[in-house]
Amino acid sequence: MPGPRCPRHPGSTDPPLLIPAHSSLTPQPTPAMTGKATLEAPDCGPEETASESANVPATEPSGEVTAPKSTGEEQTPKPQEPAPHAPAPDAPAASKPAPPSEDVPSAPLLLAVEDVGDSSVTVSWEPPEWLGKLGFQGYVLELRREGALEWVPVNTRPMMVTQQTVRNLALGDKFFVRVTAVSSAGAGPPAVLDQPVHIQETIEAPKIRVPRHLRQTYIRQVGEAINLQIPFQGNPTPRVSWTHNGHALDSQRVNVRTGDQDSILFIRSAQRSDSGCYELTVQLEGLEAKAAIDILVIEKPGSPSSIRLLDVWGCNAALEWTPPQDTGNTELLGYTVQKADKKTGQWFTVLERYHPTTCTITDLIVGNSYSFRVFSENLCGLSDSAAVTKELAHIQKTDIVAKPKSFVERDFSEAPSFTQPLADHTSTPGYSTQLFCSVRASPKPKIIWMKNKMNIQGDPKYRAISEQGVCTLEIRKPSPFDSGVYTCKAINVLGEASVDCRLEVKASATH
């Protein structure tokens, strides 16, 4: 069942709006009031949902305006009634018109265009300062063509959103936009855009995206194909042109094919004359983008101009050559020097990517005769031919007399001497202990152990070990009786030496 009709605002020439019956809502902004909506432009002229504000100037703003299509007839203005309430004396009438009644909302605030595309427009606004005493129902968005008097609603029912997108607009449309807040008591005064909205084709500035491998010099060999595909952007489709070193391309050698999104430059068989700077220019309505691509076409270098043998001495030979006249349209990476002996005739590489033009070849075999040759090298490889020495380098034999040095045999004989003496030691009864010392002698000395000047060799209580000059005496489970002065004596044909130490075996305390 249709709800009550909204009362017409004083001064409006539009018919009242049918508002569905709803329960009363609180007159304060809610979260739903800041939502977004996307609508399609109406194709006909339905009944208007809101009236024009009395504060909207009678004269339309300057500029072209286009509104949605309308098949309805223009309505005849009706007699206007005086406003029931006058605006407050201190209210700014120019910026915020006072509401005609406390029951209806005031005009929405900050109406603005967020985005304009080639077939859509998005507008947004803020809730009004006053939502009315009765239930607030939402907003009605309307469009009006330039030259038309009829406002066509985009949404026939109020919507609780503060941003709407109108789609399916025709290219070239020009129209005004207004939005009205609606409550159960009726529609308030509308907020109207000062400037018209113009739907026109979006211009995208031209941009060239040069592939990464073309941002540095693009090198090709003579005879290879050159195929450059350069993507670009721009709307509408921009105009594309190529130049070579600032001049137009030679259509006999270079083929160019340009599409909507890229341009392709093709050379079937590259020549050295194709080297240079190729510049791509993309132009669109006064806007321009350029990209430069450096191309270098190279080939193998020529051989060194000349080579000669400077000198031969010992097992060495000195060479000198001159650089090639043709480097292949690029820098040389160096020279490769090879040698071949007269007997075998096989070539062996001596130096690679050698930059100077003089060198010395060493480690030549005595009695052989050698030839030398030099190649030039660049990015394409070695030159097809080499410069070869005309003369042979003869490595002469020389008389070599061996003069052995006299050898004096060294006498390593040495009398015994202790490098590490015995150290005084304290032991516990019942626990085996060891005495250590080290001796040096040649020939190997005889080791004698003594206790208190008495030879203890052969006593099973003691075990003597001598290895690599280290002498060890192990005393098995000593008792206080084993305390005393121990002597190690070393004797050979050249002399003798001895060292002493004191061993003290302390008896355990009894309790």
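Reply: Thr 389 lies in the loop between strand E27 (387–388) and strand E28 (393–394). Strands (E, at least two residues) are DSSP runs, numbered from the N terminus. The model is predicted: local features need pLDDT of at least 70, side-chain atom pairs count only at pLDDT 80 or more, and totals for chains, interfaces and linings use all residues. Residues are numbered from 1 along each chain as its sequence is written, and side-chain values use heavy atoms, leaving out hydrogens and water.

Thr 389 is buried, with a relative accessible area of 8%. Buried means under 20% relative accessible area (1.4 Å probe, protein chains only). Its side chain reaches the backbone oxygen of Glu 391 at 3.4 Å. Beyond the neighbours within four places in sequence, Thr 389 is in contact (heavy atoms within 4.5 Å) with Ile 307, Leu 319, Ser 371 and Phe 372.

Now the wider structure. The protein has 37 strands and zero helices (H or I, at least four residues). Of its 511 residues, 39% count as buried. Among contacts with a separation of 6 or more, 68% join residues 24 or more positions apart.

The largest nonpolar core has 22 residues. Such a core is a set of buried Ala, Val, Leu, Ile, Met, Phe, Trp, Tyr and Cys residues joined through side-chain atoms within 4.5 Å. Ile 208, Ile 226, Leu 228, Ile 230, Trp 242 and Ile 295 have the most contacts inside this core. Strand E19 (287–298) is one of the strands that supply at least two of its residues. E19 gives the most, with five.

Terms used. Buried means under 20% relative accessible area, exposed over 50%, partly exposed in between (1.4 Å probe, protein chains only). A polar contact is a pair of N or O atoms within 3.5 Å; within protein, one must be able to donate a hydrogen and the other to accept it, and residues adjacent in sequence count only if both atoms are side-chain atoms.
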